[in-house]
Amino acid sequence: LGEEGCLSLPGIFADVLRYKWVKLRYQDEYGKVHERLFEGYSARIVQHERDHLDGILFIDHLPINIRKQLSPELTKIMRMRLEETK
């Protein structure tokens with residue numbers, strides 16, 4: 001369990017349960033396959049960023065009662081983003 005935030009949701013932080021370590025297999029820009037073990041904070045970052053590739057934000061891992069508590073702040077961010085697109 002550790003606190004996370006995200007540039008996509010400025011000012012919002014919450015405790016998220018993540019694995020302590022992950023093994024990641026990936027291809028570099030040249031197509032070469034690599035495999036690496038990430039532990040601790042690096043593992044948390046890899047999981048957070050991998051979630052983004054699947055369209056998942058850290059708040060999606062939170063219990064519904066915590067998301068409801070964050071709802072006013074999330075609505076404010078959403079409104080600000082909509083205003084930026086006008």
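Lys-23 is exposed, with a relative accessible area of 54%, where exposed means over 50%, buried under 20% and partly exposed in between (1.4 Å probe, protein chains only). This is a predicted model, in which local features need pLDDT of at least 70 and side-chain atom pairs count only at pLDDT 80 or more, while totals for chains, interfaces and linings use all residues. Residues are numbered from 1 along each chain as its sequence is written, and side-chain values use heavy atoms, with hydrogens and water left out.

**Salt bridges**

With a salt bridge taken as a side-chain nitrogen of Lys or Arg within 4 Å of a carboxyl oxygen of Asp or Glu, the count comes to 7. Three of them are listed here.

| Pair | Closest N and O atoms |
|---|---|
| Glu-35 and Lys-23 | 3.8 Å |
| Arg-25 and Glu-35 | 2.6 Å |
| Glu-83 and Lys-86 | 3.4 Å |

Both Glu-83 and Lys-86 are exposed. Salt bridges that share partners also join Glu-4, Arg-18, Arg-44 and Asp-51 into one network.

Glu-35 is partly exposed, at a relative accessible area of 44%, whereas Arg-25 is exposed, at 61%.

**Helix 1**

Helices (H or I, at least four residues) and strands (E, at least two) are DSSP runs, numbered from the N terminus. Just after helix 1, Gly-55 takes a positive phi of about 75°.
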